[in-house]
Amino acid sequence: PDAERGEVVKAILKAREGKTLDIANVEAFCRLHLGKHKRPRRFEVVDELPKNFLGKILRRKLREA
């Protein structure tokens, strides 16, 4: 949520096993491939994404966090 715009795009990222994430590279990729209004303004790296018993990501829990 954002007071000025209603909502702001936030990317929640999880690195693959044995890999590391460089937020600067992710931001550069987004600048090249996404329109300005679709680009995440915030980035968060997590250890695990919440999933249900079928393996689907629980987006509501991500929003709550």
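Helices (H or I, at least four residues) and strands (E, at least two) are DSSP runs, numbered from the N terminus. The model is a predicted one, in which local features need pLDDT of at least 70 and side-chain atom pairs count only at pLDDT 80 or more, while totals for chains, interfaces and linings use all residues. Residues are numbered from 1 along each chain as its sequence is written, and side-chain values use heavy atoms, with hydrogens and water left out.

**Exercise 1.** Determine where Leu 13 lies and whether Leu 13 is buried or exposed.

Solution. Begin with the element: Leu 13 belongs to strand 1, residues 10-13. Next take its relative accessible area, which is 17%; buried means under 20%, exposed over 50% and partly exposed in between (1.4 Å probe, protein chains only), so Leu 13 is buried. Finally, look along the chain: Val 46 is 33 residues away from Leu 13, yet their C-alpha atoms are separated by 6.1 Å.

**Exercise 2.** Find the salt bridges, defined as a side-chain nitrogen of Lys or Arg within 4 Å of a carboxyl oxygen of Asp or Glu, and state how many the structure holds.

Solution. The structure holds three. Glu 4 pairs with Arg 5, their closest N and O atoms being 4.0 Å apart. The side chains of Glu 7 and Arg 63 meet at 3.2 Å, N to O, and this pair links the segment before strand 1 to helix 2, 56 residues apart. Glu 44 and Lys 10 meet at 2.7 Å, N to O; because Glu 44 lies in strand 2 (residues 42-45) and Lys 10 in strand 1, the pair ties together parts 34 residues apart in sequence.
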